[in-house]
Amino acid sequence: MAGFRIYTCLTSGKFLYIDNLVVNELQRCLRRATPTHSYGQQLFQWLIEYARNHDCKHLSLDSGVQRFAAHRFYLMQRMSITSHHFSMEL
């Protein structure tokens, strides 16, 4: 499942922002044993194509600092760590 939206901002232009990218853990475990692309990779590739087809200049997301497996996945998809996201509870 993926939740996403297309934004336009002054610093980045038009881009696709991924709010959520989730694959059922059981499906992740089953797909690890096979050499074909995982559901996560297939979904991620679909998001890239969707962004390209909508004239987006890039694709981005935020990921919690504790989500090491997700970070490995994003780096394997050739994403770069380009910033730190800061937040504050109010």
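Q: What relative accessibility does aspartate 19 have?

A: Aspartate 19 is at 31%, so it counts as partly exposed. Buried means under 20% relative accessible area, exposed means over 50%, and partly exposed lies in between (1.4 Å probe, protein chains only).

Q: Where do these values come from?

A: This is a predicted model, in which local features need pLDDT of at least 70, side-chain atom pairs count only at pLDDT 80 or more, and totals for chains, interfaces and linings use all residues. Residues are numbered from 1 along each chain as its sequence is written, and side-chain values use heavy atoms, with hydrogens and water left out.

Q: ok, and what's the mean pLDDT of the protein?

A: The mean is 87, and 86% of the residues reach 70 or more. pLDDT is the predictor's confidence in each residue, from 0 to 100.

Q: Which element has the lowest mean pLDDT?

A: That is helix 1 (residues 25-32), with a mean of 57, while strand 1 (residues 2-9) has the highest, 95. Where pLDDT is low, the predicted coordinates should not be read in detail.

Q: How many helices and strands does the protein have?

A: There are 3 helices and 3 strands. Starting at the N terminus, the order is β-β-α-α-β-α. Helices (H or I, at least four residues) and strands (E, at least two) are DSSP runs, numbered from the N terminus.

Q: How do strand 1 and strand 2 run?

A: They run antiparallel and are joined by 8 bridges. The two form a hairpin with 3 residues between them. Within this pair, glycine 3 stands opposite asparagine 20 in strand 2. Strands count as paired if DSSP finds at least two bridges between them.

Q: And in which sense do strand 2 and strand 3 pair?

A: Strand 2 and strand 3 pair in the parallel sense, over 4 bridges. Phenylalanine 15 stands opposite histidine 58 in strand 3.

Q: Back to aspartate 19. What does it form a salt bridge with?

A: Its partner is arginine 5, and the closest N and O atoms are 2.5 Å apart. A salt bridge here is a side-chain nitrogen of Lys or Arg within 4 Å of a carboxyl oxygen of Asp or Glu.

Q: How many salt bridges by this rule?

A: The count is 2. One joins the side chains of arginine 52 and glutamate 49, at 3.1 Å from N to O. Arginine 52 and glutamate 49 are 3 residues apart in helix 2, so about one helical turn separates them. Arginine 52 counts as exposed at 57% relative accessibility, and glutamate 49 as partly exposed at 38%.

Q: What about the inside? How much of the protein do buried residues make up?

A: Buried residues are 23% of the 90 residues. The largest nonpolar core has 14 residues, of which Leu16, Ile18, Leu21, Phe44, Leu59 and Tyr74 touch the most other members. Strand 2 (13-21), helix 2 (39-53), strand 3 (58-61) and helix 3 (68-76) each supply at least two residues of this core. A nonpolar core is a set of buried Ala, Val, Leu, Ile, Met, Phe, Trp, Tyr and Cys residues joined through side-chain atoms within 4.5 Å.

Q: Which element gives the largest share of this core?

A: Helix 2 does, with 4 residues. In soluble globular proteins, nonpolar side chains tend to be buried together.

Q: What is tyrosine 74 in contact with?

A: Apart from neighbours within four places in sequence, tyrosine 74 is in contact with Leu21, Leu61, Ser63, Arg67 and Met79. Contact means heavy atoms within 4.5 Å.

Q: And serine 60, buried or exposed?

A: Serine 60 is buried, with a relative accessible area of 18%. It is found in strand 3. Leaving out neighbours within four places in sequence, serine 60 is in contact with Phe15, Leu16, Tyr17, Ile18 and Met79.

Q: Where is aspartate 55?

A: Aspartate 55 is in the loop between helix 2 and strand 3. Its phi is near 60°, a positive value in a residue other than glycine. At 55% relative accessibility, aspartate 55 counts as exposed.
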